[in-house]
Amino acid sequence: MSPNQTGVVLPESTDYVLPVPPPKAGEVVVVASHRDAAASLRRGGEVARTLGDRFLALAESQQLFADELRQRLGSLDTAIAEDSRAQLKGAVREILGVLDWCDQVQSDLVRDCRLAAAGAEPVDVAEVAAIAAAERQSSEQPVVVTGTSGPWWGAASLLLELLQHALDLVAERTQGIGARFVEVDQQAAGIQVWVHGVGEPADQVDAQAIERFRRAAQAIGAIVRPDALGPGGVGMVLVLPVAS
């Protein structure tokens, strides 16, 4: 080593952590408010409870079926020495029926676990619609939410954003006049949400409101269809994607 070089000796401990360099000039560091952080924590707890309740119900069903199998196999073991061949075959068919139930529960459990691992959650669509309504309604233009459905697997934040922009678009089409409605409906093909209003359709609509709504629909994978009044009406039907 030459006299002009300076040796740097690192400590032997592996716990040493290099200090974080200060932010470069011009960088803006945004810190979430304590209120937002608390809301995120509460939301995380609610999702965990929802998933826990769902997984627990499936696991308890599987436990009941296992007990049923154990009982039926015990009865079959006792009957082997005494019952006829036809009776034994009937008992076996009953056991196979219980196994079919086990297979169905196992299939549901695996599906739900895979969806949860991919970041999806069982969402109450009507509940999210109520949140969107509370944020978008006013005394001049209230929002009414009706209907119910089974759980929809997806991202609640993306669904909320879609419903907010849908309500904004209806407000644009009705020029901010009259009540708006969000109707949740469970169909055989999936969950549909009808967003509409009572005002007359405007001749021109803000292009940015349309673009925001389209991006939100694409982000969640929803299909958008005109309602019974057709493309010229103020409402639309949102067909939520079915998780796979």
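User: Why is Asp112 called buried in this model?
Analyst: Happy to walk through that one. Asp112 has a relative accessible area of 2%, and buried means under 20%, so Asp112 counts as buried. Do keep in mind that this is a predicted model.

User: What makes the contact of Arg111 with Asp112 a salt bridge?
Analyst: The closest N and O atoms of Arg111 and Asp112 are 3.3 Å apart. A salt bridge asks for a side-chain nitrogen of Lys or Arg within 4 Å of a carboxyl oxygen of Asp or Glu, so the pair qualifies.

User: Is Arg111 buried, exposed or partly exposed, and why?
Analyst: Arg111 has 35% relative accessibility. Buried means under 20% and exposed means over 50%, with partly exposed in between, so Arg111 is partly exposed.

User: What about Arg215 and Glu211: what makes them a salt bridge?
Analyst: Their side chains meet at 3.7 Å, N to O, and the cut-off is within 4 Å, so this pair is also a salt bridge. Both residues lie in helix α5, four residues apart, which is about one turn of the helix. Arg215 has a relative accessible area of 47% and is therefore partly exposed. Glu211, at 37%, counts as partly exposed too.

User: Why is Gln175 called exposed?
Analyst: Exposed means over 50% relative accessible area; Gln175 has 55% relative accessibility, so it counts as exposed. You will find Gln175 in the loop between α4 and β4 (180–187). Its backbone is worth a look as well: phi of Gln175 is near 55°, a positive value in a residue other than glycine.

User: What makes Val92, Leu96 and Leu99 a nonpolar surface patch?
Analyst: Patches are made of residues with over 30% relative accessible area and no salt bridge, and nonpolar side chains are joined within 5 Å. Leu99 is found in helix α2 (residues 85–117). Together, Val92, Leu96 and Leu99 make a patch of about 230 Å².

User: Which residues lie nearest the centre of the second largest pocket?
Analyst: Leu169, Arg173, Phe213, Val224 and Met236 do, out of 13 lining residues. This pocket has a volume of about 260 Å³. At least two lining residues come from each of α4 (156–173), α5 (207–220) and β6 (223–226).

User: How does the lining of that pocket divide into nonpolar, polar and charged residues?
Analyst: Eight are nonpolar, two are polar and three are charged. Leu and Phe are among the types that count as nonpolar and Arg is among the charged ones, so Leu169 and Phe213 belong to the nonpolar group and Arg173 to the charged group.

User: Why does Ala243 count as partly exposed?
Analyst: Ala243 has a relative accessible area of 23%. Ala243 has its place in the segment after β7 (236–239). Ala243 and Trp152 are 91 residues apart in sequence, yet 8.0 Å apart in space, C-alpha to C-alpha.

User: Which helices and strands does the chain have, and in what order do they run?
Analyst: The protein chain has five helices and seven strands. From the N terminus on, the order is α-α-β-α-β-β-α-β-β-α-β-β. Of its 244 residues, 30% count as buried.

How values were computed: Residues are numbered from 1 along each chain as its sequence is written. This is a predicted model: local features need pLDDT of at least 70, side-chain atom pairs count only at pLDDT 80 or more; totals for chains, interfaces and linings use all residues. Side-chain values use heavy atoms; hydrogens and water are left out. On a 1 Å grid over the protein atoms alone, a cavity is a set of points where a 1.4 Å probe fits but cannot get out, and a pocket is an open set with protein on both sides within 12 Å along at least five of seven lines; lining residues have an atom within 4 Å of a point. Grid points are joined across faces, edges and corners, and a volume is the space filled by probe spheres set on the points. Patches are made of residues with over 30% relative accessible area and no salt bridge: like charges are joined within 9 Å, nonpolar side chains (Val, Leu, Ile, Met, Phe, Trp, Tyr) within 5 Å. Accessible areas come from the Shrake-Rupley method with a 1.4 Å probe; for residues, only the protein chains shown count as cover. Buried means under 20% relative accessible area, exposed over 50%, partly exposed in between (1.4 Å probe, protein chains only).
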